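Dear colleague,

I am passing on the structure we spoke about, and below it I have set down what was found. Please read the notes with the structure open beside them.

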Amino acid sequence: MAGIIFASKGYTQGREIINFNEQWEFKKGEKDYEKSTGFVDRDWEQVDIPHSYNKEDMQLGRDFYTGDAFYKKELFAKKEWKGKRLFLRFEGVGSVAALYINDRFIGEHKGSYSAFAFEITHSVDYGKKNTILVKVNNEARKDVLPVNHFLFPIYGGIYRPVDLIITDKINITVTDYASPGIYISQKNVTKRKADITVKTKLENREKKAKQVTLQTVIKNADGKQVVFKEKEVTVSPQGMTIAEQELTLRSPHLWQGVEDPYLYSLTTSVIQNGRATDAVTQPLGVRDFKLKAGEGMFLNGKKYPMYGVTRHQDRWKYGNALSPEQEKEDMELIREIGATTIRLAHYQQSDHIYALADKMGFLIWAEIPFVNTYTLEEAANAKQQMTELIRQNFNHPSIYIWGMHNEVYSKTPDEYVAVLTRELNAIAKTNDPDRLTGAVSGYGEMDRPANLAGDVQGMNRYYGWYQGRIGDLKNWVTGLEKEYPGYKLILAEYGADGNIDQSAEELPEKRNPVSGKFFPENYQTETHIRQWAIIEKHPYITASYLWNMFEFAVPMWNRGGVNARNLKGLITFDRKRKKDAFYWYKANWNPEPMLYLANRRDNKRTQPDTTVQLFSNLNKITLTVNGKEVTGKRGVNDKHRVFEVQLEKGVNKIRAVGKNRGKDLTDEMEWMLE
């Protein structure tokens, strides 16, 4: 193997963080070692991280590989590192990872979506090359969440970045569930001041207790220091030393969501003999949020619209091994639609995604992958992943709620799932008493035994798809408004599948959402048109999250004419095509002037008398068909216009023109009357 050239992320006052993603060697195992050990003699393949060994087979159907794979890399441990502390931090490995240094077992981590860190200080040979081996396995296991591949695939691989972290012997902890080691809390937030508390976890691997200066600095977005605080701390060589600092930020510039996502930076440093020997920097968005029953979200006392989408992290031909550029593209598409909040379903997502949410102003629902079913063996892992989710992401101002589970049930409050949910809620409130907690039911009933342990009741409602009719959403919410007026309710999922390459002139009255092969796009469009019009009239739904922003892989499904795909996304799996429903929400949520003619792919018509639908946030719009103006009317709301038109045989040219500040915005499409 060639020698390693390190690309350093940064050298910050005594702590060195080295990019550890290049020049790995990879080898896939066999499904059954007892029958075949041919992989032992297989050549190693050179790969870079992020990497997934299921980026194709899990996106095509049920015949996908699950099992072991191996990643190997050499580390030359410099002689000058001796006397320091060395850690390897993995941001995401699917799903169970075992780490070996020079053939010595270091530790194992269970769970694909959270980070983990191991100290390797005493396991490397300094001044020599060392072999790093990671054994990875992505089989569904009863004791690791998620316990199956049914709702989404558990891709295999080291699919998020890896860092080598080097610190002095007295350091801010790295192995506290791979958290930053500092925890920023805020109280009494107003425009006049905000009280900030910083809790720092310190470790000392010297032989004696040492006195250090703990220094915390807050800088504004321009890099100017606005708060400075120091504290003398004696760090014990036994256990962990926890130190708190109280700071006051005067006249803070508040973090106001997508309207003004202003970020400070907060750096806590360890000072020894006048020199900074360790430091950690975290984002600081100063904000106060309150979710009020029957009213909605209030951010810094101001009503905040909760226009929500959900996101799965995988992408066509990449699996979940995405680049920062691809993740940024996802978030920019979410911003384009006009969303203000995101449910990151159904698992912890990357550090970069949460950082982008901070910078772009999205309020985030973050959750663990306790979904779909249970085995009675996953409780310990659920508690571990809940703790990891909170500690690793505690400082992100964008996160407002911790999700405990999705569509997992008990018949009584005394049974396994209900009890485990209460335990997960206790973990969340112990680690973070200031944020909300929630659990999600797939039923429309408020009093579900496993779902009232949290602060918020989430419900997934697929009226018109899995149950009832599209308009039944109205009766559901009005019933809850009357029976449970003081409860906090979030519509956690709603929508319908839509194959962008299928269309129907008339909406199908009968459909099979589980095994059907015909899911025309315009049925999805109609579902979102009518259901958003209901949601916006009912503030009892304090937030809503359409399912889903992007199509994603479901290897166990074969529905809607595309194998192994959930087609409820408003954007195709490759992110190249936007469905009509995307533009419906853009007209409703994004104030940027726009107009869009819907059903453009449903262009082969058989009836001359038909309807044209237009989505727009403009006031004055003219529609012409073959050059003749047609009068329209308001649809379900003021962003929806409906035109009854008569088509001629052959090609019909339909054109919409709207005025914005004296300039024309236009959209055109053609329909063929056969």
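The notes below go from the overall build to the nonpolar cores.

This is a predicted model, in which local features need pLDDT of at least 70 and side-chain atom pairs count only at pLDDT 80 or more, while totals for chains, interfaces and linings use all residues. Residues are numbered from 1 along each chain as its sequence is written, and side-chain values use heavy atoms, with hydrogens and water left out.

The chain holds seven helices and 45 strands, taken as DSSP runs (helices H or I, at least four residues; strands E, at least two) and numbered from the N terminus. The C-alpha trace spans about 90 × 70 × 55 Å along its principal axes.

Of the 674 residues, 59% count as buried, that is, under 20% relative accessible area with a 1.4 Å probe, protein chains only.

The largest nonpolar core has 72 residues, a core being a set of buried Ala, Val, Leu, Ile, Met, Phe, Trp, Tyr and Cys residues joined through side-chain atoms within 4.5 Å. M386 and W476 have the most contacts inside this core, and helix α7 (residues 580-589) gives the most to it, with seven residues. A second, separate core of 32 residues includes F118, I132, I158 and V162.

Best regards

Notes
Buried means under 20% relative accessible area, exposed over 50%, partly exposed in between (1.4 Å probe, protein chains only).
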